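Colleague: Hi! Could you walk me through this model when you have a minute?
Modeller: Happy to, here it comes.

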Amino acid sequence: FQDADGRMTSGPERVTVGGLPSLRFEGTSVTPAGVDVRSRLTLIYDGRNQYAVNCQFTPSGADEILAGCDQILDGFQVE
């Protein structure tokens, strides 16, 4: 987050996604065009691999994007 002129606002938080251990981080950043964005980054571990789900949004789009992000994470499964 710091490399993108932002900061981490929470995390790491231990969560479980698809039965797998995961870490969640939230933070802020600024796009190259100068737009302030928020991020919820979830890192999911299956022992050999790491999966990353990064949901980015402007404050005005938070409700819609976070609902979609939750839907993706709720359905996440490694077979």
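Colleague: Thanks! Which strands does helix 1 lie across?
Modeller: Helix 1 lies across strand 1, strand 2, strand 3 and strand 4, and runs at about 165 degrees to strand 4. Contact means heavy atoms within 4.5 Å. Axes are lines fitted to C-alpha atoms, for helices over the stretch in contact, with angles from 0 to 180 degrees between N-to-C directions. Helices (H or I, at least four residues) and strands (E, at least two) are DSSP runs numbered from the N terminus.

Colleague: And the ground rules?
Modeller: This is a predicted model, where local features need pLDDT of at least 70 and side-chain atom pairs count only at pLDDT 80 or more, while totals for chains, interfaces and linings use all residues. Residues are numbered from 1 along each chain as its sequence is written, and side-chain values use heavy atoms, with hydrogens and water left out.

Colleague: Okay, what order do the strands of the sheet come in?
Modeller: The 4 strands form an open sheet in the order 1-2-3-4, with antiparallel pairing. Two strands pair if DSSP finds at least two bridges between them. Strand 1 (7–17) and strand 4 (50–57) are at the edges with a single partner strand each, so one side of each has no neighbour in the sheet. On average, neighbouring strands are turned by 20 degrees against each other, direction ignored.

Colleague: How many bridges join strand 1 and strand 2?
Modeller: They pair in the antiparallel sense over 8 bridges. Val-17 stands opposite Leu-20 in strand 2.

Colleague: Switching topic: how many salt bridges does the whole structure have?
Modeller: The search finds 2. A salt bridge is a side-chain nitrogen of Lys or Arg within 4 Å of a carboxyl oxygen of Asp or Glu. In general, side chains of opposite charge can pair when their charged atoms come close.

Colleague: Which residues are linked in the network?
Modeller: Glu-26, Arg-40 and Asp-70 are. Glu-26 pairs with Arg-40, with the closest N and O atoms 3.1 Å apart. That pair links distant parts of the chain, Glu-26 in strand 2 (residues 20–30) and Arg-40 in strand 3 (residues 36–45), 14 residues apart. Asp-70 also forms a salt bridge with Arg-40, at 3.0 Å between the closest N and O atoms. Asp-70 lies in helix 1 (residues 62–74) and Arg-40 in strand 3, so this pair ties together parts 30 residues apart in sequence.

Colleague: Is Arg-40 buried or exposed?
Modeller: Arg-40 counts as buried at 13% relative accessibility. Buried means under 20% relative accessible area, exposed over 50%, and partly exposed in between (1.4 Å probe, protein chains only). Glu-26 is partly exposed at 27%, and Asp-70 is partly exposed at 33%.

Colleague: What about Phe-25, buried or exposed?
Modeller: Phe-25 is in strand 2 and counts as buried at 16%. Leaving aside neighbours within four places in sequence, its contacts include Pro-12, Arg-40 and Leu-41. The C-alpha atoms of Phe-25 and Pro-12 are separated by 5.1 Å, although these residues are 13 apart along the chain.

Colleague: Last one: which residues make up the largest nonpolar core?
Modeller: It has 9 residues: Val-15, Val-17, Leu-20, Ile-44, Val-53, Cys-55, Cys-69, Leu-73 and Phe-76. Strand 1, strand 4 and helix 1 are the elements that give two or more residues to this core. A nonpolar core is a set of buried Ala, Val, Leu, Ile, Met, Phe, Trp, Tyr and Cys residues joined through side-chain atoms within 4.5 Å.
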